[in-house]
Structures are given as C-alpha cells and as structure tokens.
Amino acid sequence: MRIIRGKYGRRRFDVPTNITARPTTDFARENIFNVIENIVDIEGADTLDLFAGTGAVTFEFLSRECRTATAVEKAATQQRFIQKVGKELGADNLNLVRGDALRYLDGATRSFDIVFADPPYDMDGFAEIPGRILGSGVVHPGTLVVVEHSKKHDFSHLPGFFDHRAYGSVNFSLFRVE
C-alpha cells in the first residue's frame, strides 16, 4: 500500500497476504482525492472512512492533515494492520473503530466533514448504503459523502448527489448534504 501525497506521501507499507479487502487502486485513489481537494479543504476536517479495509483512504486523509480520521473496519486482520500503520506514522488523530460500518451508522452520535465509504461490491443491501449514510448522524449540512461502487449502480436519484466519477472499473458517487 502506498500513501500518495501529503506529509506521509510516497511511504509504502506491506499489506499482509491474509487481508481480504479490495483496496482502492492507487490510480483511482489519487484521482478521487484530487476531486475531493477541489471541493473541500481536507486540512482541519473531521473524516470518516467506512469499510476501511487496509486504511489506505484513512491514511490519505491523515497525510493531508485532517483534524481527525475515524476508520471503521470489522475484520480483525485489517484492523490490526490499520493500527500498526497508524502507530508507525505516529498518527495520534486516528480513531480506529473495530465494528460493523452499518451498525456504526445506526448508532452514530458524531458528524463528520467528509465521509468516504467503500463497501464490498458484493455486499447484501449494497444499493441502500448511500441512503443510509445520508440519513444518518454522521452527516451535517455541508458534509461531503463519497461512495465507491461498481458501474452497475447509479445513485444520481439520491438527495445531494452532484457528481459521478469513473476511473477504470472503479466508480465514485459524490453527495453534498444540505
């Protein structure tokens, strides 16, 4: 895993071979972060990475000087990897939550400036996830929500939708909460 830009830019970490996550490609991650940075200032933002996997998105947020980065991941192997990398980076503003992202949404009491979600593409109920995020306590007026998905989904009908980006087979839908 490579951190693309920012204070940790170009740092590489060996992902354990037993991790089952499908990480966002470097190409797609670099491009979507360019889009995000043109919409909102990451520096000083409170960020949430749902279905964090390897934590690559979380570490991009941290590298770009967010105020806080919360990563939610239920798999123990991935959670340990995120914890290890966070410790190596000295990222004291990383909040790692080991748990189910959907349960986290249901019980959320804190909102964020940027929410990124990369659920498993084959997850049951995948099509409902963006709506669940937009209707949860993790958002407030102005929150930017980015959902990664396959090309078979179209979320343009949801409130706050304003953009769709595709980088190879990786698609992102972007929402702004009003």
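Helix α2 (56–63) and strand β2 (68–73) each supply at least two residues of the lining of the largest pocket. Helices (H or I, at least four residues) and strands (E, at least two) are DSSP runs, numbered from the N terminus. The structure is a predicted model, in which local features need pLDDT of at least 70 and side-chain atom pairs count only at pLDDT 80 or more, while totals for chains, interfaces and linings use all residues. Residues are numbered from 1 along each chain as its sequence is written, and side-chain values use heavy atoms, with hydrogens and water left out.

The largest nonpolar core holds 36 residues, and Ile32, Phe59 and Phe172 have the most contacts inside it. Two or more residues of this core come from each of α1 (26–39), α2, β2, α3 (76–89), β4 (114–117), β5 and β7. A second, separate core of 23 residues includes Ala101, Leu102, Val115 and Phe175. Here a nonpolar core is a set of buried Ala, Val, Leu, Ile, Met, Phe, Trp, Tyr and Cys residues joined through side-chain atoms within 4.5 Å. In soluble globular proteins, nonpolar side chains tend to be buried together.

Strand β7 deserves a look of its own. Because 6 of the 7 residues of β7 (residues 170–176) are buried, this strand is largely enclosed by the rest of the structure. Buried means under 20% relative accessible area, exposed over 50%, and partly exposed in between (1.4 Å probe, protein chains only). Strand β5 (residues 144–149) pairs with β7 in the antiparallel sense over 6 bridges, and His149 has Asn171 of β7 as its bridge partner. Strand β6 (residues 161–167) also runs antiparallel to β7, joined to it by 6 bridges, with Ser173 of β7 as the bridge partner of His164. Two strands pair if DSSP finds at least two bridges between them. In the hairpin of β6 and β7, which has 2 residues between the strands, Gly168 takes a positive phi near 65°.

Positive phi values also occur away from glycine. Most residues other than glycine have a negative phi. Arg10, however, has a positive phi near 70° and is placed in the segment before α1; at 71% relative accessibility, Arg10 counts as exposed. Glu65, in the loop between α2 and β2, has a positive phi of about 70° although it is not a glycine. With a relative accessible area of 39%, Glu65 is partly exposed.
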